[in-house]
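Subject: Structure handover

Hello,

Here is the structure I promised to pass on. Please open it first, then read the notes below.

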Amino acid sequence: MIHSLFLVNPSGDIFLEKHWKSVVSRSVCDYFLEAREKALDPEDVPPVISTPHHYLISIYRDKLFFLSVIQTEVPPLFVIEFLHRVAEMIQDYFGECSETVIKDNVVMVYELLEEMLDNGFPLATESNVLKEMIRPPTILRSVVNTLTGSSNVGDKLPTGQLSTIPWRRAGVKYTNNEAYFDVVEEIDAILDRTGTTVFAEIQGVVEACVKLSGMPDLTLSFMNPRLLDDVSFHPCVRYKRWESERVLSFIPPDGNFTLMTYHVNAQNLVAIPVYVKHSINFFESGSGGRLDLTVGPKQTMGKTVEGVLVTVHMPKTVLSVSLNATQGSYTYDNATKVLVWDIGKLNPQKLPNLRGSLSLQTGAPKPEENPSLNIDLKIQQLAISGLKVNRLDMFGEKYKPFKGVKYITKAGKFQVRM
Amino acid sequence: MNSQKRFSALRAEAAGAVRTALGSAENLQLTLKTDLSQEEQHLTTHAHTDRGPGETRTTRNDDLKEMLENNKESLKLEAMKRIVGLIAKGKNASELFPAVVKNVASKNIELKKLVYVYLVRYAEEQQDLALLSISTFQRALKDPNQLIRASALRVLSSIRVPIIIPIMMLAIKEAASDMSPYVRKTSAHAIQKLYSLDPDQKEHLIEVIEKLLKDKSTLVAGSVVMAFEEVCPERIDLIHKNYRKLCNLLVDVEEWGQVVIISMLTRYARTQFTSPWREDGVFDENSERAFYESDEEKTRDDTEIKPYTMDPDHRLLLRNTKPLLQSRNTAVVMSVAQLYWHLAPRNEVSIVTKSLVRLLRSHREVQYIVLQNIATMSIQRKGMFEPYMKSFYVRSTDATHIKSLKLEILTNLANEANISTILREFQTYVKSQDKQFAAGTIQAIGRCATNISEVTDTCLNGLVLLLSNRDETVVAESVVVIKKLLQAQPSQHSDIIKHMAKLLDNITVSMARASILWLIGEYCERVPKIAPDVLRKMAKSFTSEEDIVKLQTVNLAAKLYLTNSKQTKLLTQYILNLGKYDQNYDIRDRTRFIRQLIVPNEKSGALSKYARRILLAPKPAPVLESAYKDRDRYQLGTLSHTINTKASGYLELSDWPAVAPDQSVRNVEVIEPVKEWAPSLGKTGKSKPAKSSDDKFYSDSGEEEEDEKGSGTSSSNDGSSSSSAESGSDAESDEDKSSSQSSEESEKSSSQSEKSSSESDIEQKKKKKMKKPPQKKNVKPPNKDSDSDENGNLARKASSSSAEDSSDSESGSVTDSDTEHQKSKVKPKEVKLQKEVSLLDLDDFTPGPATQPRSVLSPSLLTDLEGLSLSNISTMQVSGPAFVPEKSHNLLHRMTGKGLAAQYQFTRQPCLYQPNMVSVQISLTNTSDHRLEQIHIGERSPAGLKIHCFNTIEFLEPDASVTVSMGIDFNDSTQAANFQLCTKEDQFSVSIQPAVGDLFLAVTMTEQDFRKEQGKLQGMNECSATITVTAENTSSQPLNRRVAAMANVGVVPSGQDNVHRFAGKTACSGAVLLVTVELRESSAAVITINTEKSVMGSMLLRDLKKSLAQA
């Protein structure tokens, strides 16, 4: 299956390699680097590249390429999914997934990779299992380690791999037993220039942070489960219970995990929390243009909209902008032609506005198309679909856990065409 | 025997290899010191000459060596960490091999791990030195800790050193029968490694794979299937016996294993089942299908007209994979989607749509693959994705390849109804800054225009508007597409051609210019005024044009010469002259050819006569079709599909067979007792059951949904005849609200009923529990029915006939099967609800498994545990019969039956329909000269007799015969079951008289358990007799056979030679039956039978006496 893995940084250097079968020369990456050169944007590099003897499947994540070498037929998604798991694992262990972090912890990353695959076939990908084998670094432990010379490798061998509940480690103990659930919803929308919704849908995810001792068996129920149209679960969730009773019944992994993701079935009824009044025009003479943007709250269910960020991909010919923002600040990156306007909290009384002039490359024709806006926003304490957690029950353990649910709505791929 | 021998040979071979390994190791060690220094020197000098900063490098490596040779663990560790760092960076650290390998036996786990990492990386390069470490691994392979055994095997098999192949082989074989499933999993991985190292070992490895395929642990399943796929994917026969097990385990296998198993099963299913797609399939369902009679029944009742019936195994696969669509792992979802695409009936494929669309929310790379697959699917099945059209709308932030895939799909989805929406969307895209994408959109518009004739004109007009676009690529693309469109229907579009002729002045993209010229040439008769003028202009600029434009100019000239030579003769001559001296030989050639063709002179042959027909022949319009049109020749979701060429190792998906191969190959006859030990993990062990049962349930639930309409005799029983309103009324009320309530109720009632059914002896009840599950294990799906049925029946008894002792009673109203079917049709909803209820009550155990006393666990819950190899709870397993008597008994003589002859035979298999029934096989033969119609079972006596009827046989041709199976609850008595066998015209009373031995089910247990059970069944439960056995029966084999022939009991392994033990249980109540035959001197033997069914015991004793004393 997966033969080798190379980590490649944005400038095309290979800074880590791992082979699970015989060694593949790193020259195989040249095909990939060539494709990367050709692509305008790293995102445009095709994920699957075929070379005379190997197939290269890569993902681009956190400004790094994870490039795997394959020799025989394998479902490409299998590899892609695994590579993302690797990136998530690094993120989980070290807080971020970047070249520096990986270089700093190269031995541990290498050991993790060793455990995750055997002969190219995934062996242990559950974070709970891995963490028992190789303990994640903490400040305290690294101090202790340097003093005593002990290591991060678990001296006990993991039981999770062997238990019938592979996602949970055994013998969990906490003094404070707590379970937190974050219901995070993202609005994906495309609005056309008149503000009409071309397409809108809500994608949600229930993130959990469960720190409970022993082997708790949890049941989470919703007030209005009928809202959920399509769901996918962490392997711990008992699908049958969901099918019959629409409750989530599960023995949770220890720590942070994604319990479920869902899709809300309400294509036309999606509340759009903000509106944008926009006008952009370029003078016929071709030397400049004007931009005027106003953002205001629309259907917010009485909550404040925070963290509003407007991103505009300007036409290539826009050289510089001279704008005036009534709220927040803006930046314009001339290299990528991206205008970012960081607004922050929306005040319904005083709507933020950004206006001013654009200067264009002289002699260039008037841009054909108006750019599109991407909007980022956040609304605390609200699940825009109206989904509500009803209750959380615990069985199997005696103590009373502390429970909490948080709702948050964000903009997903929220695009306004101008 | 043979394998034993081979094994020992292998062992000897391995030992030999070890010896050589050790020998060379010793030598090396002796010479290590001196050798090394030389080698080292060599290396350092090498490094010196090789690279500039070699000095620092070598000194560092010297450091590392020093550190490794130090006694301090921490220094060694530090050194190893740095070495691994070097490896990770791809630097060469092989010269440190001797220093590193010494630490292989270190006590420090981290150090050891790092050394392993190093070894695996460099052993291939330093084979001789690597042998030093082998003995350490061999020792570790015998370690009591399973994880150490596993990791030793893992490293040993990863060291790619050919000399140790025999050692590896031996280690794999041993690990394959290890107690720990984790070690067995590792051995499955090792198989692949060994195979890649030495393909000659294939035959041996297949043996191991075969063995591991039988493994019931979910941990092993994925890995061994992976090994199977890599080593011997052609040995599809190895799968047969494991097919149902794999299907049932699937939900519990880890996600990566699921992907592999699903893709293997997809291939398997394509070779074993017939196509569910064809309309006219003719099937003989009755033959060989007795096993699944009840399933057949349902489908047949509903769809009398449709001749195709899906193989139950085929259905099982579809049903058990469906829940995996909800997996968080995109690869799993995709593999289920492709399975449905390749295997499911057309109308069921669309259930995967929603999940595939969900994947589009995932990472860019995932989107790419999924969109590719959707593109292929959407060509064949527009309807599947049309409702989700908007999900394929393009965002400006999408990567270019994602954009073009989405465009592709949108184009595929376009139809008369949605084309206006799509075109509006396309309008936005055309204006995109990404010009490549805009060009793609124009092509897409062109495709829409050709595919949907209603919008051709609109599209064409739109494209013409684009001709005035400022961007040249857009214009050029439009011209090219318009050219193609006009070619399809040139009649009314001379305006457009004129317009394009005007464009020629401005447009510079050569492809577009060439297209315009071609168009004018092709339709020059429609624009007679403009064409010569265009030619004039082109003549002027000819020399500065691109080659492709020049060629088209020559073409245009030639065509005009033929149609309008008066005006263009000179121009043509001029152009041909220019072309004659062009730099490009293509153009020179073309010019010469055209000149010869069109200008008549003495040299030109017959060809010029046909010049007009050659040049102005009507040309077929190009077909604009998707690039994904032929991709479906590859299995979806594969690498080959993505790259659109066959990847190495791609396994072709075969076509459906015209006739299904024998399906009985998948029947699993003998259930081996599971000898696995799951590690006890405190509460883990207890809580898992709940989970597993859940999973099992949902894997089974599909069946309920699928089949609910005709849902067998059993469930309709529940639904229709529950006069004691509880469940009935619930069924009427709102589904959601009542579900929890009713589940409680039914739980109550079922537990109640269990209470009443047992003979209030707790101990016995426990036993019964323990024995029940295995019996169901044989075949899952029908079980479910029988389970709920049992519950239902019992519940009914409990409520209606006040606490009658079920095991003795013969009450319980059983309606005629025909009316049941009718009822079930009338009240499908009730049936469904009832089903759910019976499932729910089991689910309700899940929340507090740790606190639930075991006695409440329902039998089926235990069954599911079995599947998960937690079987140490139960010590008794129903096994297959040791002996199946071939003798069949006459049920109906052909004379009395007016041509219908019937024979019956006890199959001694656990009954599928209900566990407490005895399975009887009936073969019906039509000896008359006319066809007999509607053969079914009519009235029966005694009135309470419970029979699971075979489904009505519609007709039986003369001389044809059919075998059906039915279940009869004899209630642990030898009283004959009387019933009527009816044809359309006649009714015949028949009776089935069981021998006492047929009322048992064979059970396997250990000697220890046997003694324990025997201890409980003393006194009046014991009967014994002393007999004189014939000489031939004194040895164990014939004795065992005799006893097994007499009664369906299983042999219990015995420690003593002269004592033979057999165990069984009664079919109905599940009471234990223990038979002991003790041989004494001078052919005397004591037969002892222990059972609480003393009547049966004594009857059996009588039969046994007779049988053993027989000569």
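A salt bridge here is a side-chain nitrogen of Lys or Arg within 4 Å of a carboxyl oxygen of Asp or Glu. R184(B) and D215(B) form one, with their closest N and O atoms 2.3 Å apart. This is a predicted model: local features need pLDDT of at least 70, side-chain atom pairs count only at pLDDT 80 or more, and totals for chains, interfaces and linings use all residues. Residues are numbered from 1 along each chain as its sequence is written, chains are lettered from A and ligands numbered from 1 in the order in which they are written, and side-chain values use heavy atoms, leaving out hydrogens and water.

R184(B) sits in helix α10 (residues 181-197) of chain B, and D215(B) in the loop between α11 and α12 (218-231) of chain B. They are 31 residues apart, so the bridge links distant parts of the chain. Helices (H or I, at least four residues) and strands (E, at least two) are DSSP runs, numbered from the N terminus. Both R184(B) and D215(B) are buried. Buried means under 20% relative accessible area, exposed means over 50%, and partly exposed lies in between (1.4 Å probe, protein chains only).

K173(B) and E207(B) make another salt bridge, at 3.7 Å from N to O. K173(B) is in helix α9 (residues 165-176) of chain B and E207(B) in helix α11 (residues 202-213) of chain B, 34 residues apart. K173(B) is buried, at 12% relative accessible area. E207(B) is partly exposed, at 32%.

Over all chains, the whole structure holds 54 salt bridges.

**Where the chains meet**

Chain A gives 113 residues to the contact and chain B gives 111. Contact means heavy atoms within 4.5 Å. The two chains bury about 9900 Å² between them, 57% of it on carbon and sulfur atoms. Buried area is the accessible area (1.4 Å probe) that two parts lose on being put together, summed over both. E73(A), L77(A) and K240(A) supply 8% of the area that chain A buries against chain B, more than any other three residues.

How many salt bridges cross the interface of chain A and chain B? The rule finds 12. K354(B) and D229(A) meet in a salt bridge at 3.0 Å, N to O. K113(B) also bridges to E115(A), with the closest N and O atoms 3.4 Å apart. K113(B) lies in helix α5 (residues 109-122) of chain B and E115(A) in helix α4 (residues 106-116) of chain A, so this pair joins two chains. K113(B) is buried at 18% relative accessibility. E115(A) is buried too, at 9%. Both belong to a network of salt bridges that links K18(A), E114(A), E115(A), D118(A), K113(B), R154(B) and K193(B).

Between chain A and chain B, 39 residue pairs are in polar contact (both at pLDDT 80 or more). A polar contact is a pair of N or O atoms within 3.5 Å; within protein, one must be able to donate a hydrogen and the other to accept it, and residues adjacent in sequence count only if both atoms are side-chain atoms. Helix α2 (residues 76-94) of chain A brings nine residues, the largest share of the side of chain A that touches chain B.

**Chain B as a whole**

Chain B has 46 helices and 16 strands. Of its 1111 residues, 60% count as buried.

**A closer look at D398(B)**

D398(B) lies in the loop between α21 (382-385) and α22 (400-413) of chain B. It is buried, with a relative accessible area of 11%. Its side chain makes a polar contact with the side chain of K406(B) at 2.9 Å. A polar atom of that D398(B) side chain also lies 3.0 Å from the backbone nitrogen of R395(B).

**Helix α30 of chain B**

Helix α30 (residues 547-563) of chain B has 14 of its 17 residues buried, so it is largely enclosed by the rest of the structure. L562(B) lies in this helix. Leaving out residues up to four places away in sequence, L562(B) touches I598(B), A611(B), R612(B) and L615(B). The C-alpha atoms of L562(B) and L616(B) are 8.9 Å apart, though 54 residues separate them along the chain.

Best wishes
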